[in-house]
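Hi everyone, thanks for making time. Let's bring the model up on the screen and walk through it together.

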There are 2 protein chains.
Amino acid sequence: SSYEVGERLKLARGGQQFLAMYSSVVDGITTDPAAMVLPLDDHMVHRGHGVFDTALIINGYLYELDQHLDRILRSASMAKIPLPFDRETIKRILIQTVSVSGCRDGSLRYWLSAGPGDFLLSPSQCLKPTLYAIVIKTNFAINPIGVKVVTSSIPIKPPEFATVKSVNYLPNVLSQMEAEAKGAYAGIWVCKDGFIAEGPNMNVAFVVNGGKELVMPRFDNVLSGCTAKRTLTLAEQLVSKGILKTVKVMDVTVEDGKKADEMMLIGSGIPIRPVIQWDEEFIGEGKEGPIAKALLDLLLEDMRSGPPSVRVLVPY
Amino acid sequence: SSYEVGERLKLARGGQQFLAMYSSVVDGITTDPAAMVLPLDDHMVHRGHGVFDTALIINGYLYELDQHLDRILRSASMAKIPLPFDRETIKRILIQTVSVSGCRDGSLRYWLSAGPGDFLLSPSQCLKPTLYAIVIKTNFAINPIGVKVVTSSIPIKPPEFATVKSVNYLPNVLSQMEAEAKGAYAGIWVCKDGFIAEGPNMNVAFVVNGGKELVMPRFDNVLSGCTAKRTLTLAEQLVSKGILKTVKVMDVTVEDGKKADEMMLIGSGIPIRPVIQWDEEFIGEGKEGPIAKALLDLLLEDMRSGPPSVRVLVPY
């Protein structure tokens, strides 16, 4: 019975602390990890017909919720997933889920799916699209130590799918597993035209021309990183202080990337991590550089005390 | 609470009859649709780190279970998913799930996943890999009426992922939705080199040279279809009866495909469906051909009374 399944699920739960989950299938929020489930016939599960996004919870604020929310709505549209609610209602439900969780420092993850109904390929018989959200307690430890990355041998997704944050992350998983097997932090995808694309779940950036120019690969064929874009905006402060000359989004070849003065990984869970080695080559002097550090400080400050456009207060 | 979630899930269940579900997370089989759930933190759900396969249940026998089971084990290996049990135990659990369901005509679907544990990208912290299976009551109605297909504009998966039956089926879903929007039965994927690949969840075959040669695109860059391969074996009977001259697996160009005498879709849920129109071109005389009919008859007979190698008796 579902009661018995619930009991057994209780025993099976992992270490991470899942504090609250919202499901539109049951139209409610639960704080019982054993109830943090979804139907097997949800098309997100058996066909990968679902998209997701995240937002950090920092000191009781959701960081860049609106930017991530806009992105999941774009992803849903590209994946032809109708919205179960309008944008404001989705936003309200997400904030409410964090509020119910009582979590002031952690991460919020949420999914839009074609929904349950059957095990067919087409969503034409799906009952209704669904929204799921979960709050996870995470200690958001900043690690400034430089890491090694490797070039990923896993085929990169076609742009039409790389730009959609869908749950079809098997390529990303295999790229991450390949990097870990080589003792690296992440794998870097390179496009067929030889330009640097992105990591498995983060963007990359470089500092070139004597440490004076910040360059980031264009977002056309990769996932449009919210944190990466915020970093580009914040980086202008370094230009006005003369620490940087320019900030550019442009194609970067692997050759130029490996000859950069600095390289860094940028992603909401990271948020900025220096890269000191790529495959066999050391980047710059093979140690953490000043620009990555300066950008990290700007980002952390933004997370703690940035403008309302990037920080949404959670009413507990 | 999980009890309340269970109750609400009961209300949310769709039309299709889900008769029994096995989950290794709870180490048991349930016949309560409300309990046919899985943890949201299963990496199959949030990262698509899961593979699946199917088998038809016909007159109390599982059709081609071993062939499909071998395929999911290959998929799991390619997706770097360790097995929760050995092959024989998986097979025993699948048969037991069908037995508990009491279903004599339906379909069995099953998944292998990296398992629950967290919401990270890497499976390194997953608790243990999981097996799920579900029995669905389906009336296996054979429809001999010819259909229309269209060339899919959705980017085809790289071969490394097309040959793995993972839950990363968003491309397949979008291809199916595109076809449905054009009033077609399915979309046909064409490889970059111009050769015909496959449909969204089925293989294709052609009859050429005056209706005497059955040709099927090679399986190197597409999913290795169990039913398609069985059809190739059965087709030899038509050769020995002089109905066909040869049966070949070879590259087929779109041009040759569209000039074929017959075209057909082959998949376990179909099992053979004539195609009478591809985009704007009619295939052959634009009506159902004799070879598709003859192959369908052979396949149906195989399903009903084929050798033990393709029919596993379910002990109810």
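Let's start in chain B, where Thr227(B), Arg230(B), Thr231(B), Leu234(B), Ala235(B), Gln237(B) and Leu238(B) of H7(B) touch Ile291(B), Ala294(B), Leu295(B), Leu298(B), Leu299(B) and Asp302(B) of H9(B). Contact here means heavy atoms within 4.5 Å. Sorted by class, the residues where H7(B) meets H9(B) are eight nonpolar, three polar and two charged. For the classes, Ala, Val, Leu, Ile, Met, Phe, Trp, Tyr, Cys and Pro count as nonpolar, Asp, Glu, Lys and Arg as charged, and the others, Gly among them, as polar.

Before I go on, some ground rules: this is a predicted model, so local features need pLDDT of at least 70 and side-chain atom pairs count only at pLDDT 80 or more, while totals for chains, interfaces and linings use all residues. Residues are numbered from 1 along each chain as its sequence is written, chains are lettered from A and ligands numbered from 1 in the order in which they are written, and side-chain values use heavy atoms, with hydrogens and water left out. Helices (H or I, at least four residues) and strands (E, at least two) are DSSP runs, numbered from the N terminus.

Back to that pair. Helix H7 (residues 226-240) of chain B and helix H9 (residues 290-305) of chain B pack at about 110°, with axes 9 Å apart. That makes H7(B) roughly perpendicular to H9(B). On the cut-offs, under 35 degrees is roughly parallel, over 145 roughly antiparallel, 65 to 115 roughly perpendicular, and the rest oblique. The axes are lines fitted to C-alpha atoms, for helices over the stretch in contact, and angles run from 0 to 180 degrees between N-to-C directions.

Now over to chain A. At what angle do helix H3 (residues 65-78) of chain A and helix H4 (residues 87-101) of chain A pack? It's about 125°, with the axes 11 Å apart. H3(A) and H4(A) are therefore oblique to each other. On the H3(A) side we have Leu65(A), Asp66(A), Leu69(A), Asp70(A) and Leu73(A), and from H4(A) come Arg87(A), Ile90(A), Lys91(A), Leu94(A) and Ile95(A). That contact has six nonpolar, no polar and four charged residues. In chain B, helix H3 (residues 65-78) and helix H4 (residues 87-101) also pack at about 125°, with axes 11 Å apart.

Next, how the chains meet. Chain B puts 71 residues into the contact and chain A puts in 71 residues. Together they bury about 6,000 Å², 71% of it on carbon and sulfur atoms. Buried area is the accessible area (1.4 Å probe) that two parts lose on being put together, summed over both. Leu40(B), Leu121(B) and Leu170(B) supply 12% of what chain B buries against chain A, more than any other three residues.

One of the salt bridges joins Asp251(A) and Arg218(A), at 3.0 Å, N to O.

Last, the backbone. Most residues other than glycine have a negative phi, and most peptide bonds are trans. Asn59(A), though not a glycine, has a positive phi of about 50°. Ile270(A) and Pro271(A) are joined by a cis peptide bond, with omega about -20°, and Ile270(B) to Pro271(B) is cis too, with omega near -20°.

Terms used
A salt bridge is a side-chain nitrogen of Lys or Arg within 4 Å of a carboxyl oxygen of Asp or Glu.
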